[in-house]
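Let us look at this structure together, going step by step through a few questions and their answers.

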Amino acid sequence: MSPSDPDKTPRRGLGARRKERIDELAATSGTATATVDEAGTIEDTGGVGLVASAWARLRRNPIFLIGLGITTLFVLLAILAPVLAPHDPASWILKDQISQQTNPIPDPQPGHPLGGDDKGRDLLSRLLVGSQQTLFVGVCATLIGLAGGLVLGTIAGAFGGWVDSVIMRLVDVMLSIPSLLLAVSISALATNPSQWTVIIAVAIVQIPIFARLLRGSMLAQRSKDHVLAARALGVKRSAIVLRHMLPNSLGPVIVQATLVLATSIIDAAALSFLGLGNPDDSSPEWGQMLGQAQRYIYDDPHLAFYPAACIIVVALGFTLMGESLREALDPKSRR
């Protein structure tokens, strides 16, 4: 074809100009995922996954970074508490300094920066070891509640019908009772209160939260194209539920677990504060320490301030991190 063909030369020039214009827009936008090789041909460079996209937003979110920093520090202190604690938390090392008339609480001194409690035990060591007990109770209660919620939510979302109605009415009854009141009622049934009494009571309170959330996610998955295609191909219901519906419904539940962990720590501390937890104070726990400090709240308020501040800061850290995760993973609330 000759270069002087009047029909082809303008078309070729128009295609080149379009290619240049598209390349300029792609270079200045900063978000393009494709490049133009020649007029009319686009090279796909791949998209960005949900996790990668969420992490890109989270690492620029100061609220998430603050929450992550608090929770990371808390977990590290809890894991390393036996090593970091300067003294045995159960040892009455400052007992000789206690005088019921003049000095019922040992003051801060070298080697004991926070002083001692009413039995002469080092307060800093008890706070550090108490973080380990608090983390253990919170994590175990959340995991047990998550497991129970997964079972109920999966059954309700998979079968529907009367099975769904029965399970959801039971969940509604549990949700109608204030969580702390329900946890107190369950703990009061135990003849010998212990740490596991608190864990089980808090876990039962969290089960309906996970069950309702997972059931809603699975009902949304039932109408998805891949689920309908699997049914049309004759795939068994168990395979559809476990391989297609459940994995795609766990995202909101996992995010909720982060928020529930903060609630579990607060509820567990409240039960221990009321005396429904482990009665043995040789294994300190923040809620237990807070309850024992009531007698000295006017003269020595620091005994209550330190464990209360630890509970508030840790719960705040998990809450900030959980809310940021929810915003990053939920398309409706992304900022």
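Q: Which residues have the most contacts inside the largest nonpolar core?
A: A nonpolar core is a set of buried Ala, Val, Leu, Ile, Met, Phe, Trp, Tyr and Cys residues joined through side-chain atoms within 4.5 Å, where buried means under 20% relative accessible area with a 1.4 Å probe, protein chains only. This is a predicted model, in which local features need pLDDT of at least 70, side-chain atom pairs count only at pLDDT 80 or more, and totals for chains, interfaces and linings use all residues. Residues are numbered from 1 along each chain as its sequence is written, and side-chain values use heavy atoms, with hydrogens and water left out. The largest core has 26 residues, and those with the most contacts inside it are Phe74, Leu123, Leu127, Trp286, Leu303, Val314 and Phe318.

Q: Which helix supplies the largest share of this core?
A: Helices are DSSP runs of H or I with at least four residues, and strands are runs of E with at least two, numbered from the N terminus. At least two core residues come from each of α2 (50-58), α3 (62-79), α5 (123-159), α10 (237-273), α11 (286-292) and α12 (302-329). The largest share, eight residues, is supplied by α12.

Q: How many residues does the other core have?
A: This core lies apart from the largest one, and Leu146, Phe210, Ile240 and Val260 are among its members. Its residue count is 14.

Q: How many helices and strands does the protein have?
A: From the N terminus on, the elements run α-β-β-α-α-α-α-α-α-α-α-α-α-α. The secondary structure comes to 12 helices and two strands.

Key: Buried < 20%, exposed > 50% of the residue type's maximum accessible area, 1.4 Å probe, protein only.
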